[in-house]
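Please keep the sequence and the structure in view while reading.

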Amino acid sequence: MKVQRGNKKEKDWKRDADRLFSLLVRQENADEDGIVQCCTCGRMHHWRKGMNCGHYMVRQHQSTRFDRQNTDVQCVYCNHFNEGEQVKFGEFLDKKHGEGTAEAMQLKSKMRCNRTQMEYKYLCEKFTKELTDNQYLTR
């Protein structure tokens with residue numbers, strides 16, 4: 001995944017970090033055929049088709065925006081049309097990461113977090129490296 005490196009602004013790096021993180025979350029949860037399962041309804045599809053990187057605490061909360069314990073694969077229906085199915089998502093997080101994870105994400109989301117352009121650039125590089133190292137980009 002090539003990330004444009006020109007005269008980028010903070011919002012461009014933030015957008016790229018979101019895109020790369022979404023790819024990473026969906027691909028690291030995919031089986032060998034690229035199939036992922038929605039964490040809230042159980043629908044199964046290829047990671048590229050109708051599946052999103054869902055956030056338990058919405059992306060506006062910068063402190064949990066790129067936290068893997070706050071995210072998982074969600075189908076478009078649950079993520080967008082059912083407003084993220086937050087109750088089911090929280091139950092899923094507690095099962096996957098341990099009891100109290102959802103509550104911890106709620107508390108963490110209230111923490112102030114102001115990332116700089118350099119931090120977004122670093123996240124882009126980190127996520128690109130993870131995608132490349134795990135050969136996710138070849139699926």
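## Salt bridges

The structure holds 11 salt bridges, a salt bridge being a side-chain nitrogen of Lys or Arg within 4 Å of a carboxyl oxygen of Asp or Glu. The model is predicted, so local features need pLDDT of at least 70 and side-chain atom pairs count only at pLDDT 80 or more, whereas totals for chains, interfaces and linings use all residues. Residues are numbered from 1 along each chain as its sequence is written, and side-chain values use heavy atoms, with hydrogens and water left out.

Side chains of opposite charge can pair when their charged atoms come close.

| Pair | Closest N and O atoms |
|---|---|
| Asp12 and Arg15 | 3.2 Å |
| Arg68 and Glu28 | 2.9 Å |

Asp12 and Arg15 both belong to helix α1 (residues 10-28), where they are 3 residues apart, about one turn of the helix. Helices (H or I, at least four residues) and strands (E, at least two) are DSSP runs, numbered from the N terminus. With a relative accessible area of 16%, Asp12 is buried, while Arg15 counts as partly exposed at 47% relative accessibility. In these terms, buried means under 20% relative accessible area, exposed means over 50%, and partly exposed lies in between (1.4 Å probe, protein chains only). Asp12 and Arg15 also belong to a network of salt bridges that links them with Lys8, Asp16 and Arg19.

Arg68 forms its salt bridge with Glu28. This pair links distant parts of the chain, 40 residues apart: Arg68 is in the loop between α2 (62-65) and β4, and Glu28 is in helix α1. Both partners are partly exposed, Arg68 with a relative accessible area of 29% and Glu28 with one of 31%.

Asp133 and Lys129 are separated by about one helical turn, because they are 4 residues apart in helix α6 (residues 117-133).

## Strand β3

How many of the residues of strand β3 (residues 51-55) are buried? The count is 5 of the 5, so the strand is largely enclosed by the rest of the structure. Met51, Cys53 and His55 point one way from β3, and Asn52 and Gly54 point the other way.

Strand β3 runs antiparallel to strand β4 (residues 71-75), to which 5 bridges join it. Two strands pair if DSSP finds at least two bridges between them. Within this pairing, Gly54 stands opposite Asp72 in β4.

## The largest pocket

Rolling a probe the size of a water molecule over the atoms shows where empty space is left. On a 1 Å grid over the protein atoms alone, a pocket is an open set of points where a 1.4 Å probe fits, with protein on both sides within 12 Å along at least five of seven lines; lining residues have an atom within 4 Å of a point. The largest pocket has a volume of about 400 Å³, a volume being the space filled by probe spheres set on the grid points, which are joined across faces, edges and corners. Its lining has 22 residues, and the closest to its centre are Cys53, Gly54, His55, Arg59 and Asn79. Two or more lining residues come from each of α1, β3 and α3 (76-81). Helix α1 gives the largest share of the lining, 6 residues.

By class, this lining has 7 nonpolar, 9 polar and 6 charged residues. Here Ala, Val, Leu, Ile, Met, Phe, Trp, Tyr, Cys and Pro count as nonpolar, Asp, Glu, Lys and Arg as charged, and the others, Gly among them, as polar.

## Cysteines

The structure holds 0 disulfides, a disulfide being a pair of cysteine sulfur atoms within 2.5 Å. Cys53 is buried at 9% relative accessibility, and Cys78 is buried at 2%.

## Positive phi values

Most residues other than glycine have a negative phi. Glu83 has a positive phi, near 55°, and Glu85 has a positive phi near 45°. Glu83 lies in the loop between α3 and α4 (86-97), and Glu85 is in the loop between α3 and α4. Is each of these residues buried or exposed? Glu83 is exposed, with a relative accessible area of 71%, whereas Glu85 is buried, with a relative accessible area of 18%.
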